[in-house]
Amino acid sequence: MVKHIVFWTLKEQAEGASRAENARRVKAALEALAGRIPGLLEIEVGIDVSRGEASYDVALSSSFVDRAALDAYQAHPEHRAVADLIARVRERRAVVDYETA
């Protein structure tokens, strides 16, 4: 299994919406991918509540059956549409992919 974890800091304003509004948009768009992409086992999205100096605004934790499934997810048209939305509203991104037993 492969875990795919991503964190985003969003722009204060983007696409006529506030950071908080875009965080909710991103969360809804990512959660809508559940059950729609082969090999995607689980997806969880959270919006930061601490607002600390080191905090990111949105976190994604997802699991895939294997690396090939993660690669297919990255290229899947539904994921690409969500990735395009996120690219328009984000300032920065951090990602970690790792294999589990």
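A salt bridge here is a side-chain nitrogen of Lys or Arg within 4 Å of a carboxyl oxygen of Asp or Glu. With that in hand, take Asp84 and Arg80: their closest N and O atoms are 3.8 Å apart, so by this definition they form a salt bridge. The two sit 4 residues apart in helix H3 (residues 77-89), which puts about one helical turn between them.

A word on the ground rules. This is a predicted model, where local features need pLDDT of at least 70 and side-chain atom pairs count only at pLDDT 80 or more, while totals for chains, interfaces and linings use all residues. Residues are numbered from 1 along each chain as its sequence is written, and side-chain values use heavy atoms, with hydrogens and water left out.

**The overall fold**

The chain has 3 helices and 6 strands, and their order along the sequence is β-β-β-α-β-β-α-α-β. Helices (H or I, at least four residues) and strands (E, at least two) are DSSP runs, numbered from the N terminus. For 101 residues, a compact globule would have a radius of gyration near 13 Å, and the chain agrees, with 13 Å. That radius is taken over C-alpha atoms, and the globule rule is 2.2 Å times the number of residues to the power 0.38. Along the principal axes, the C-alpha trace spans about 35 × 25 × 20 Å.

Now for contacts, meaning heavy atoms within 4.5 Å. Of those between residues at least 6 apart in sequence, 72% join residues at least 24 apart.

**Inside and outside**

Buried means under 20% relative accessible area, exposed over 50%, and partly exposed in between (1.4 Å probe, protein chains only). Buried residues account for 38% of the 101 in the chain. The accessible surface is about 5,700 Å², and carbon and sulfur atoms contribute 52% of that; areas come from the Shrake-Rupley method with a 1.4 Å probe, and for residues only the protein chains shown count as cover.

Gly16 is on the outside: it is exposed, at 79% relative accessible area. You'll find Gly16 in the loop between strand E2 (13-14) and strand E3 (17-18). Its C-alpha atom is 26 Å from that of Ala54, which is 38 residues away along the chain.

**Charges and how they pair**

There are 14 positive and 16 negative charges, and their mean positions lie 4 Å apart. Lys and Arg count as positive and Asp and Glu as negative, with His and the chain ends not counted; each charge is placed at NZ of Lys, CZ of Arg, CG of Asp or CD of Glu.

The structure holds 11 salt bridges, including the pair of Arg19 and Asp57, at 3.5 Å from N to O. Arg19 belongs to helix H1 (residues 19-31) and Asp57 to the loop between strand E4 (40-47) and strand E5 (58-64), so this bridge ties together parts 38 residues apart in sequence. Both Arg19 and Asp57 are buried. They also belong to a salt-bridge network with Glu12 and Arg51.

Another one joins Asp97 and Arg67, with closest N and O atoms 3.9 Å apart. Asp97 is in strand E6 (residues 90-99) and Arg67 in helix H2 (residues 67-75), so here the linked parts are 30 residues apart in sequence.

| Residue | Relative accessible area | Class |
|---|---|---|
| Asp97 | 34% | partly exposed |
| Arg67 | 42% | partly exposed |
| Asp84 | 39% | partly exposed |
| Arg80 | 36% | partly exposed |
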